[in-house]
Amino acid sequence: MAWAKIDTVCIVCGREFVHQVKKYSRRDADSWQEWAANQEWTCPECYQTQREAERQAERQAANEAAAAKAEEQQLPQLQGSEKQVSWAMTIRQRMIDEITRQYMGISTEIDADNPVWREQTILKAVDKTGKDRAEVEQLLDNSLLKVECVRLAWAKLHNEISAKWFIDNRETAGYTLWELVKKSRKPSK
Ligand SMILES: [Zn+2]
C-alpha cells in the first residue's frame, strides 16, 4: 500500500487542499499523482454540498411528480405541515402504485357474499385439486380474506388524509399493509 497525494485547488471555492488516495504500490501511486495533477478537483466540503443539493433536487422532483399524479387521480388533499404533506404525497404515491398492482391481480369474478358463487367455487376446487371440502373451504376463506385486505388497503390509501399516517407507515408495504388494514378493521359482527 502507498499513499498518493497531490496539492490542489478546489474548482468551486478556490481553497487549496491536499487530495490523497491509497494505492496498491508506489508505482501506482506515482502514476495516479501524475494523472491527478492535470485534473480538476472539488474539496470534500464542496463535494458534500453538491451531493446534498443533488439529493435535495431529487426529492423535490419526486415530490412534484407525486403532486401531479395526485391531481390526476383526484386524491384528497393531505393535512399536515407543508413539509409533511410534500413528503407524505411521495410515500402515498409509492404505496398506491404497489397496491394497484395487487388490486389489478384480483379476479373480478369474485363474489364472496353470493352463496351460489361460493358453492360453485368450492365444488370446482374440490374437483380440480382432489382435496377434501373442509381444506378447500379453509383455503378459499384465506384467499378471500387477502382479497378483502387488498381492497380495504386500496380504499384506505385513496381516502386517508393525514400526512402523518403516511409518514408513520412509510415502511409498510405489500402484505404488511394488508395486516395493518386488517388490524384497523372493525371486528365483524
Ligand atoms: Zn471547495
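Begin with the two domains, whose C-alpha centres lie 56 Å apart. To find them, select residues 2–42 for domain 1 and 80–184 for domain 2, bounds that come from an automatic or database domain assignment. The residues are numbered from 1 along each chain as its sequence is written. What you see is a predicted model, in which local features need pLDDT of at least 70 and side-chain atom pairs count only at pLDDT 80 or more, while totals for chains, interfaces and linings use all residues.

**The whole chain**

Now show the cartoon of the protein, which has 7 helices and 2 strands (DSSP runs numbered from the N terminus, with H or I of at least four residues for helices and E of at least two for strands). Along the sequence they follow the pattern β-β-α-α-α-α-α-α-α. The radius of gyration is 28 Å, well over the 16 Å that the globule rule gives for 189 residues, so the protein is more spread out than a compact globule (the radius is taken over C-alpha atoms, and the rule is 2.2 Å times the number of residues to the power 0.38). Along its principal axes, the C-alpha trace spans about 80 × 45 × 25 Å.

**Helices H2 and H3**

Next, select residues 44–72 for H2 and residues 82–104 for H3, which pack at an angle of about 65° with their axes 8 Å apart (axes are lines fitted to C-alpha atoms, for helices over the stretch in contact, and angles run from 0 to 180 degrees between N-to-C directions). H2 and H3 are therefore roughly perpendicular to each other (angles under 35 degrees count as roughly parallel, over 145 as roughly antiparallel, 65 to 115 as roughly perpendicular and the rest as oblique). Show the side chains where Ala62, Asn63, Ala66, Ala67, Lys69 and Ala70 of H2 meet Ser86, Met89, Thr90 and Gln93 of H3 (contact requires C-beta atoms, placed from the backbone, within 7 Å).

**Helices H4 and H5**

Finally, move to H4 (residues 115–129) and H5 (residues 133–159), where the axes come within 9 Å and cross at roughly 120°. How are H4 and H5 placed relative to each other? H4 and H5 are therefore oblique to each other. To view their contact, select Thr121, Ile122, Ala125, Val126 and Thr129 on H4, together with Arg133, Val136, Glu137 and Leu140 on H5.

How values were computed
Contact = placed C-beta atoms within 7 Å.
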